[in-house]
Each structure stands twice: as C-alpha cells, then as structure tokens.
Amino acid sequence: MERNETTLIKESLAGDGKAFEELLSPYLQPMYSFVLSLTHDVLMAEDVTQETCIKIWKHLTRFDSEKSFKTWIFAIAKNTAFDALKKKRDLPFSAFSQGEDDEVEEPWSERIADESPLPDELLARADAAQFLERKLRMLPEGFRRILSLRYRDDFSLSEIAEILGEPYNTVKSRHGRALSGLRRVFEKDALSASDFSGKS
C-alpha cells in the first residue's frame with residue numbers, strides 16, 4: 001500500500017531520505033519540464049531541478065500543510081530558475097517579467113479580444129501532450145507558460161497565481177487571452193487545411 005503525501009512529508013521531516021525520494025518522485029519530471037520551459041537550457045534545467053530538490057529538503061519545515069505541496073515546490077522551482085538565469089545574465093531583465101505586457105511579444109496578440117474558452121473538442125485534442133506542445137510553440141512565452149501550467153500540469157488559476165507570485169485577476173486575464181491566442185492557432189490551421197484540400 002502506498003503511503004500518502006502527508007505521511008511522506010512527516011517521515012521526511014523526521015529525516016527519512018527514502019520517504020523524501022518517494023515524496024518527490026511523482027513531481028520530478030513535471031518540475032523538470034517546467035524549469036526547462038523557463039530556462040530553455042537542458043543543462044541548466046537539470047542543475048536547477050537538483051538545486052530545487054535540495055531547497056525543498058532544507059525548507060520542508062516551512063511548508064504549510066493546509067496548502068498544496070505541488071504548488072509550493074513549483075514556486076520554489078520558478079524562483080530557483082529565475083535566480084539561475086539572472087546569475088547567468090543570458091536574458092534581459094524584461095524576460096523575467098510575468099506582467100500584463102507578455103502578449104506584446106507577438107503583434108497579433110495585442111488584438112486578441114475574444115476571451116471565450118476553446119471548444120471542448122479542441123481541449124480534448126490538447127490533452128495529447130505532444131499535440132499541445134506543438135501548438136503552444138506558436139504563442140508568446142507568457143501565454144505558453146500559463147497554458148502549460150493549467151492544462152499540462154493541471155494547476156488551477158489560483159495555484160498558478162501562487163506559483164508565479166502574481167494577482168489572481170492578472171493570471172485569469174492572461175489565461176483568457178492565452179486561450180484566445182490558442183484558438184486563433186487552431187483556426188489558422190483549419191483554414192490552411194481547407195485551402196490545401198480545395199487545391200487537391
């Protein structure tokens with residue numbers, strides 16, 4: 001019988017290294033993927049993921065058991081990734097901004113007004129990780145990040161706000177614009193397929 005997360009946390013706090021490994025095991029790959037999406041560097045992502053694990057072990061006593069453990073460790077991963085990027089100075093400071101101006105990375109996204117959700121069938125297709133990742137690459141980074149956290153990592157908008165350290169309303173607004181941007185990607189693909197079909 002598998003031990004639950006609460007038990008594993010208690011045993012980890014008591015110094016049980018094996019319990020800590022079991023506690024983190026389900027989150028290692030999602031956390032690495034999240035860090036990689038922030039750093040765009042495989043070696044750095046590996047280092048950041050390892051450093052994040054060390055920080056989690058050191059600061060586990062600070063975890064509020066009333067909150068989500070997954071949300072807590074992703075927030076640590078984000079902060080660790082940003083610290084590593086700042087030290088490396090690979091990116092300008094603006095690249096670390098998570099604010100309302102994310103969408104200006106792409107000119108067309110400034111014109112997005114439709115905040116209605118994607119049709120159910122599109123989200124159903126988006127459940128396929130590879131399919132979603134291909135579509136997300138066509139969006140500005142700020143939009144990719146929030147949609148990945150929502151639909152790949154299954155965080156709620158309030159949890160995403162906590163991870164990113166932003167107001168809930170800011171995250172909710174960007175999520176709506178991100179969905180609208182993704183809708184446009186699907187519509188563009190559908191139009192292209194229609195044109196191709198008509199020429200055949």
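In this predicted model, the largest pocket holds about 270 Å³ of space. Its lining comprises 14 residues, and the closest to the pocket centre are Ser-33, Ser-37, Glu-133, Arg-144 and Arg-152. Three helices each supply at least two residues of this lining: H3, H7 (129–136) and H8 (141–152). By class, the lining of the largest pocket divides into 6 charged, 5 polar and 3 nonpolar residues.

The second largest pocket has a volume of about 160 Å³. Glu-5, Thr-6, Ile-9, Lys-10 and Leu-13 are among the residues that line this pocket. Leu-60, Phe-63, Ser-65, Lys-67 and Phe-69 are also part of the lining. Helix H1, which spans residues 5–13, gives the most to the lining of the second largest pocket, with 5 residues. Here the classes are 5 nonpolar, 2 polar and 3 charged.

Helix H1 also packs against helix H2 (residues 17–24). The axes of H1 and H2 come within 8 Å and cross at roughly 140 degrees. The crossing is left-handed. On the H1 side, the contact is made by Glu-5, Leu-8, Ile-9, Glu-11 and Ser-12. On the H2 side, Ala-19, Phe-20, Glu-22 and Leu-23 take part. The contact of H1 with H2 has 5 nonpolar, 1 polar and 3 charged residues.

Helix H3 (residues 28–39), a contributor to the lining of the largest pocket, packs against helix H4 (residues 42–58). The axes of H3 and H4 come within 9 Å and cross at roughly 130 degrees. H3 is therefore oblique to H4. H3 passes H4 in a right-handed crossing. From H3, the residues in contact are Leu-28, Met-31, Tyr-32, Val-35, Leu-36 and Thr-39. They meet Val-42, Met-44, Ala-45, Glu-46, Val-48, Thr-49, Thr-52, Cys-53 and Ile-56 of H4. The residues of this contact divide into 11 nonpolar, 3 polar and 1 charged.

A further packing pair joins helix H5 (residues 69–88) and helix H9 (residues 157–164). Their axes lie 8 Å apart, at an angle of about 35 degrees. The crossing of H5 and H9 is right-handed. H5 contributes Thr-71, Phe-74, Ala-75 and Lys-78 to the contact. H9 contributes Glu-159, Glu-162, Ile-163 and Leu-164. By class, the contact of H5 with H9 has 4 nonpolar, 1 polar and 3 charged residues.

Terms used. Residues numbered from 1 in each chain as written. Predicted model: local features only at pLDDT ≥ 70, side-chain atom pairs only at ≥ 80, totals over all residues. Heavy atoms only, no water. Axes fitted to C-alpha atoms, helices over the stretch in contact; angles between N-to-C directions. Helix = DSSP H or I, 4+ residues; strand = E, 2+ residues; numbered from the N terminus. Parallel < 35°, antiparallel > 145°, perpendicular 65-115°, else oblique. Left-handed = near helix turned anticlockwise from the far one by under 90°. Contact = heavy atoms within 4.5 Å. Nonpolar A, V, L, I, M, F, W, Y, C, P; charged D, E, K, R; others polar. 1 Å grid on protein atoms, 1.4 Å probe; cavity = no way out; pocket = protein on both sides within 12 Å on 5 of 7 lines; lining within 4 Å. Points joined across faces, edges and corners; volume = space filled by probe spheres on them.
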